[in-house]
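I opened the model and kept a running notebook. The entries below follow the order in which I looked things up.

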Amino acid sequence: MDKATAFHDLHHRSIPLVLPNAWDFASAAVLAAEGFPAIGTTSLGVAAAAGVPDGTGVTGAETLALARRLSRLAVPVTVDIEGGFSDEPGEVAEFVAELDALGIAGVNIEDGRADAALADPEQQATLIAAIKERTPAVFVNARVDTHWLGIDPESTLERADRYARAGADGLFVPGLAEPDAIRRVVESVPLPVNILYSVGGPTVAELAALGVRRISTGSLLYRAALAAAVDVADAVRAGRPVAAGIPSYRDIQKSSLS
């Protein structure tokens, strides 16, 4: 089975896909080695590593370079392309075609924009349709940012319907954490629903019971890694014991060369 087909199938199982989001090859490789069946990327991690803000549409080159590295992995990879790095449907479709040529199985495309506004849903549907026409095998996860940005949440289902009719394969509603609201989306949308895991929010088991088919970690792992790095540096400086369980130099060398 090719990676794209395998990735599609992961959204139609009895248990949801828990998708960890990596920010470089090593983080993706260790997560794949841990047994996660697919890996996503986090646009925050990619942008922060480049020294630029997330969601501003300027990390196309960095995103493509990371995708090229991650294509070496044995598991399917889905790439966060923010809003597509262009407002032109043909340019967005061409970018995804480059990812498809590398063997990338899916993309996540958001309707939030750099000015903290929402894209016109008809225009966003046109972008999605252009991607699916050019690369029909790529899993397009259409992200609705109404709850994430706190703008016009009443339009969530209408946007979801437009994106589904445009050919999207999945729907992502980050910022949605209230169980009844999640259930309404799941029951209203004819696509696998993706929810962003939130600390203190519903557990994986609870989200599965609500019908969620994909649970993303988003930038959580990247932020946790930064926090852990600071904690270790502080421990070294203060003469405190360093936490156990840190991979060895040889462990990382091995995973990076696999």
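I take buried as under 20% relative accessible area, exposed as over 50%, and partly exposed as in between, with a 1.4 Å probe and protein chains only. I am working on a predicted model, where local features need pLDDT of at least 70 and side-chain atom pairs count only at pLDDT 80 or more, while totals for chains, interfaces and linings use all residues. I number residues from 1 along each chain as its sequence is written, and side-chain values use heavy atoms, without hydrogens and water.

**Overall form.** I looked up the radius of gyration, taken over C-alpha atoms. The protein has 18 Å, which agrees with the value near 18 Å for a compact globule of 258 residues. The globule rule I used is 2.2 Å times the number of residues to the power 0.38. Along the principal axes, the C-alpha atoms fill a box of roughly 55 × 40 × 40 Å.

**Secondary structure.** I list 12 helices and nine strands. These are DSSP runs numbered from the N terminus: helices are H or I with at least four residues, strands are E with at least two.

**The sheet.** In what order do the nine strands lie? I read S1-S9-S8-S7-S6-S5-S4-S3-S2, an open sheet with parallel pairing. I call two strands paired if DSSP finds at least two bridges between them. S1 (17-19) and S2 (21-22) are the edge strands; each has a single partner strand, so one side of each lacks a neighbour in the sheet.

I then followed some of the pairings. S1 runs parallel to S9 (residues 214-216), joined by three bridges. Val-18 sits opposite Ile-215 in S9. S3 (residues 39-41) pairs with S4 over two bridges, in the parallel sense. There I see Gly-40 opposite Thr-78 in S4. S4 pairs in parallel with S5 (residues 106-110) over three bridges, and Asp-80 stands opposite Asn-108 in S5. Between S5 and S6 I note five bridges, again parallel. The bridge partner of Ile-109 in S6 is Ala-142.

**Faces of S4 and S6.** In a regular strand the side chains alternate between the two faces of the sheet. I checked both faces of S4 (residues 77-80): Val-77 and Val-79 on one side, Thr-78 and Asp-80 on the other, are all buried. For S6 (residues 139-143), five of its five residues are buried. Phe-139, Asn-141 and Arg-143 lie on one side of S6, with Val-140 and Ala-142 on the other.

**Cores.** For a nonpolar core I join buried Ala, Val, Leu, Ile, Met, Phe, Trp, Tyr and Cys residues through side-chain atoms within 4.5 Å. The largest has 51 residues; Leu-73, Ile-81, Leu-99, Ile-109, Ile-128 and Ile-182 touch the most other members. A second, separate core has seven residues, including Phe-7, Leu-17, Ala-38 and Phe-139.

Is Val-236 buried or exposed? Val-236 counts as exposed, at 58% relative accessibility. I place Val-236 in helix H11 (residues 220-238). Ala-125, in helix H6 (residues 121-134), counts as buried at 12%. I also logged Ala-125 against Ser-256: they are 131 residues apart in sequence and 38 Å apart in space, C-alpha to C-alpha.
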